[in-house]
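The sequence and the structure are shown first, and the description follows.

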Amino acid sequence: MPSLIISLSFLFALLLSAMPLPDRLLWFQPEWVSMVLIYWCIALPNRVGVFSGFFVGLCVDLLEGALLGQNALISAVLAALSLQLYQRLRNYGAWQQAMMVGVLIGISLMIAQWIQNLTGVAADTIAFMLPALTSTILWPWLFIAMRTIRRRFQIR
Amino acid sequence: MDQVRSFLTVAVTPLQWAVDLPTRLWSWGATTFADRNDLLEENAILKEQTLQLSSKNQRMAYLIAENLRLRELLNGQKPSNDNFLLGEVIGLDADAFTHLLLLNRGRNDGVYEGQAVVDSLGLMGQVISVSAFTSRVLLIADTAHAVPVLVNRNGFRAVAIGSGDLDLLQLTHVPDTADVKEGDLLVTSGLGGRFPKGYPVAEVNQVKHEPGKPFARVTAKPLAQLNRSRYVLMLNPKSLADIQLESLPIDSGTAPELADEKQDNLKSGVQQ
């Protein structure tokens, strides 16, 4: 049951990330999958970790048609970083936590840019960091929603 | 690796369908609850269009016949006839840096890598990866895409490279003295063997001569509605018959057969 709820939450995040958006809004699209991954890493580090991150990232790759393994690597790194930080993150206040999550997602976006640079398509502005900003703003609400779900279904 | 990917992609296909579901529900609702008068009006317009197109098509049959005769006189090759497979866009790439479409046709429908994709107005792009039920199309405006074109007016050849902006293609290495003007139609040249010849690609919208530089800066606007088309045509799908034909040794020598083929070409030309 708990793993089902966790999988469903990832599934929902994948759906959100694949939603078609107007070209301008695409720059602001929050990193749903990364956010959900970070949440589970903070809340249940014994259940969700680097391996889950890798698997979810692979799904993102397949869904977006990106270089196979690109997002898998990024999500695995993200999960590893969150696992290092989870004890500190749990004790932070809502906005402090959001800032930290923003930094983590910023790092993941940076790695994504490096990989895209290597494969030939590079952004010429710093605007590729905008998703980190929107993710930071949305984090407290996502956190509360996910916590409600976790408590409702008593996932430990 | 490609096979692994296309195999794994089948697993996420339901997700892609789910993402597209709201759009399809919306269009289903829009047609179901449409006003009767609107439908009648649309029907009338469509009938008129059909009439216009079929009258044009009648002339096409004559022109194709004439073209064939002239090519015969010049000992030229017969032009190939293109078949179509109708595809529907079921997803876009949710990424600001690449321009990809997801179509609801895959290997099971005869789609293959490198297949050209057009909409009703012009060339859209090419298939870059195929799974069993879906395929991904790289649009001509993507920075990783280039298409060999020629200016329809005078046959000047160039390469149109995507700019990352859906409304802009760039023509590279056009000499300053080349005869390219604003408003020129660019069509696929068929060179390189990937895209069939003669499909409209873009219209030149700016020619800038920069003194001191060897090449002019030429930009063009794609004719296809890259961000609006919902239905696209995939050219020359591989059918079972095609695959069988490929495996058969084809005897091309005797005259009656050739005449038959010409007849066939004419017929299919009329049908299209």
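## A helix pair in chain A

In this predicted model, helix α6 (residues 94-118) of chain A and helix α7 (residues 130-152) of chain A have axes that come within 8 Å and cross at roughly 150°. An angle over 145 degrees counts as roughly antiparallel, and α6(A) is therefore roughly antiparallel to α7(A). The crossing of α6(A) and α7(A) is right-handed.

On the α6(A) side, the contact is made by A:A94, A:W95, A:Q97, A:A98, A:M99, A:V101, A:G102, A:I105, A:G106 and A:L109. On the α7(A) side, A:P131, A:A132, A:L133, A:S135, A:T136, A:W139 and A:P140 take part. By class, the residues of this contact between α6(A) and α7(A) comprise twelve nonpolar, five polar and no charged.

## Where chain B touches chain A

The two chains meet through 22 residues of chain B, which are in contact with 20 residues of chain A. Two elements of chain B, α1 (2-32) and β1 (84-92), are those that give two or more residues to the side of chain B that touches chain A. Of the elements on that side, α1(B) gives the most, with eight residues.

What is the make-up, by class, of the side of chain B that touches chain A? This side has twelve nonpolar, six polar and four charged residues.

## Chain B as a whole

Chain B contains four helices and twelve strands. Of its 272 residues, 27% count as buried. Among the contacts in chain B between residues at least 6 apart in sequence, 59% join residues at least 24 apart.

## The enclosed strand β5

Why is strand β5 (residues 135-139) of chain B described as largely enclosed by the rest of the structure? Five of the five residues of β5(B) are buried, so this strand is largely enclosed. In a regular strand the side chains alternate between the two faces of the sheet. In β5(B) both faces are covered: B:S135, B:V137 and B:L139 are buried on one side, and B:R136 and B:L138 are buried on the other.

Two strands of chain B are joined to β5(B) in the antiparallel sense. Strand β2 (residues 100-103) of chain B is joined to β5(B) by four bridges, and B:L101 stands opposite B:V137 in β5(B). Strand β4 (residues 123-130) of chain B is joined to β5(B) by five bridges, with B:V130 opposite B:S135. β4(B) and β5(B) also form a hairpin, with four residues between them.

## The six-stranded barrel

In which order do the strands of the barrel in chain B follow one another? Six strands close into this barrel in the order β6-β7-β8-β11-β10-β9, and their pairing is antiparallel. From one strand to the next, the twist averages 40°. Strands of a sheet pair through backbone hydrogen bonds, either parallel or antiparallel.

Several of these pairings can be followed residue by residue. Strand β6 (residues 146-151) of chain B and strand β9 (residues 185-188) of chain B pair antiparallel over three bridges, and B:V151 stands opposite B:L186 in β9(B). β9(B) also pairs with strand β10 (residues 200-208) of chain B, in the antiparallel sense and over three bridges; the bridge partner of B:L185 in β10(B) is B:E203. Strand β8 (residues 169-175) of chain B and strand β11 (residues 215-222) of chain B form an antiparallel pair over five bridges, in which B:P175 has B:F215 of β11(B) as its bridge partner.

## Two residues with positive phi

One residue in each chain is noted here for its backbone angle. B:H173 lies in strand β8 of chain B, and its phi is near 50°, a positive value in a residue other than glycine. Is B:H173 buried or exposed? B:H173 has 11 other C-beta atoms within 10 Å and is exposed.

A:Q154 is placed in the segment after α7 of chain A. The phi of A:Q154 is near 50°, again a positive value in a residue other than glycine. With 9 other C-beta atoms within 10 Å, A:Q154 is exposed.

Definitions and conventions. Residues numbered from 1 in each chain as written. Chains lettered and ligands numbered in written order. Predicted model: local features only at pLDDT ≥ 70, side-chain atom pairs only at ≥ 80, totals over all residues. Pairing = 2+ DSSP bridges. Axes fitted to C-alpha atoms, helices over the stretch in contact; angles between N-to-C directions. Parallel < 35°, antiparallel > 145°, perpendicular 65-115°, else oblique. Left-handed = near helix turned anticlockwise from the far one by under 90°. Contact = placed C-beta atoms within 7 Å. Nonpolar A, V, L, I, M, F, W, Y, C, P; charged D, E, K, R; others polar. Buried ≥ 20, exposed ≤ 12 C-beta atoms within 10 Å, placed from the backbone.
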